[in-house]
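Subject: Structure for your review

Dear colleague,

I am handing over the structure below, and I would be grateful if you could look through it with the notes that follow.

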Amino acid sequence: MWKTLTVGMQNFFYHHRLQVLIDCGTGRDAVKKLLQQCDGVETLILSHAHADHYGGAVHFLRRNPCRLLAPPLEQPFLLYPQLEPALLFGGGFPTPLGRKWLLGPPDLPVNDLDWKQFPEIEGVTLPGHTPALCGIRDGERMFVADALFGSEILEKYPLLYHFDPHMALETAKNLPEKASEFIPSHGSTGGRELVKKNVACIENAFTAVKEAVRGGKRSIEEILSSVMERIALPATLETYYLNRSALLGYVSTLERKGELKCILEGSQVVCYEKF
Ligand SMILES: [Zn+2]
């Protein structure tokens with residue numbers, strides 16, 4: 001049966017009989033504490049290519065050699081880990097974005113995850129936070145990795161990072177049909193009210209972006225500052241770039257839906273409401 005393992009504030013999902021573990025955390029200590037709770041791992045599956053979920057894979061494979069699998073669409077970021085900080089910054093990235101929870105280890109011996117290899121496991125794809133994040137459904141329970149965040153995380157970081165906020169919102173809204181208990185990677189397990197809280201956080205950011213452009217043209221930088229001041233001031237350069245990258249996804253979603261228009265004026269991109 002599947003069991004939730006916890007190291008610090010991070011949750012992992014482990015199937016004892018099949019010896020399958022989802023994610024391995026970052027760093028030597030986390031891996032050591034995680035392996036102490038496992039009775040052998042034959043397969044380590046990475047839910048998605050964020051370094052806080054796979055950064056410890058080198059230590060893990062050294063202590064517990066096993067096969068390493070990840071969804072095929074997540075693999076470019078696992079094979080070229082510098083793509084993640086580069087995506088957040090928008091190009092060659094400065095030193096703080098190269099820290100271990102944003103920049104994972106290179107050259108991992110990772111192979112394609114194909115759920116057909118595991119007829120007893122109900123794997124689910126939960127796109128939005130990253131392009132092909134995967135979770136596990138175990139009856140009424142679902143391990144959702146970063147498709148949802150626990151309540152205490154939402155209170156601390158109300159501006160959620162999602163690669164594609166529109167897709168993340170659709171994924172979250174569909175979850176209550178699939179299970180009634182959700183285990184996020186970060187924070188406490190919750191029921192359908194946790195889904196509602198995550199949906200509200202994403203919708204709140206969409207509202208803040210729309211209000212930032214109400215009544216006139218605003219540059220992208222003005223929109224970002226306005227939303228961050230309203231929802232969550234970043235404490236570090238890393239959180240600034242996470243917020244910034246996420247917010248650009250909110251802006252582009254609204255642009256694609258025809259709710260706002262982005263144009264170039266001089267050296268700035270400015271946005272305005274489209275009536
Ligand atoms: Zn993540």
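Strand β8 (residues 134-138) is joined by three bridges to strand β9 (residues 141-145), and these two run antiparallel; helices (H or I, at least four residues) and strands (E, at least two) are DSSP runs, numbered from the N terminus, and two strands pair if DSSP finds at least two bridges between them. The bridge partner of Asp138 in β9 is Arg141, and the two strands form a hairpin with two residues between them, where Gly139 in the turn has a positive phi of about 65°. Strand β8 also pairs in the antiparallel sense with strand β7 (residues 122-125), over four bridges, and there Glu122 stands opposite Arg137 of β8.

Please keep in mind that this is a predicted model, in which local features need pLDDT of at least 70 and side-chain atom pairs count only at pLDDT 80 or more, while totals for chains, interfaces and linings use all residues. Residues are numbered from 1 along each chain as its sequence is written.

The domain assignment (bounds taken from an automatic or database assignment) gives domain 1 (2-203) and domain 2 (213-273), with their C-alpha centres 27 Å apart. The contact between them takes 17 residues from domain 1 and twelve residues from domain 2, where two residues are in contact if their C-beta atoms, placed from the backbone, lie within 7 Å. On the side of domain 1 that touches domain 2, α5 (83-89) and α7 (165-174) each supply at least two residues, and α5 gives the most, with three residues. By class, that side of domain 1 has 13 nonpolar, two polar and two charged residues; here Ala, Val, Leu, Ile, Met, Phe, Trp, Tyr, Cys and Pro count as nonpolar, Asp, Glu, Lys and Arg as charged, and the others, Gly among them, as polar.

Helix α9 (residues 220-231) and helix α10 (residues 237-256) pack at an angle of about 110°, with their axes 10 Å apart; axes are lines fitted to C-alpha atoms, for helices over the stretch in contact, and angles run from 0 to 180 degrees between N-to-C directions. That angle makes α9 roughly perpendicular to α10 (65 to 115 degrees counts as roughly perpendicular). Ile220, Ile223, Leu224, Val227 and Met228 of α9 meet Asn243, Arg244, Leu247 and Val251 of α10, and the residues of this contact divide into seven nonpolar, one polar and one charged.

Helix α8 (residues 192-212) packs against α10 as well, at an angle of about 70° and with the axes 10 Å apart, which makes α8 roughly perpendicular to α10. Ala205, Phe206, Val209 and Lys210 of α8 make this contact with Leu247, Tyr250, Val251 and Leu254 of α10, and its residues divide into seven nonpolar, no polar and one charged.

Finally, an open sheet of three strands has the order β11-β13-β12, with antiparallel pairing, and its edge strands, each of which pairs on one side only, are β11 (218-219) and β12 (260-265). Two bridges join β11 to strand β13 (residues 268-273), the two running antiparallel, and Ser219 has Val270 in β13 as its bridge partner.

With best regards

Note on methods
Angles under 35 degrees count as roughly parallel, over 145 as roughly antiparallel, 65 to 115 as roughly perpendicular and the rest as oblique.
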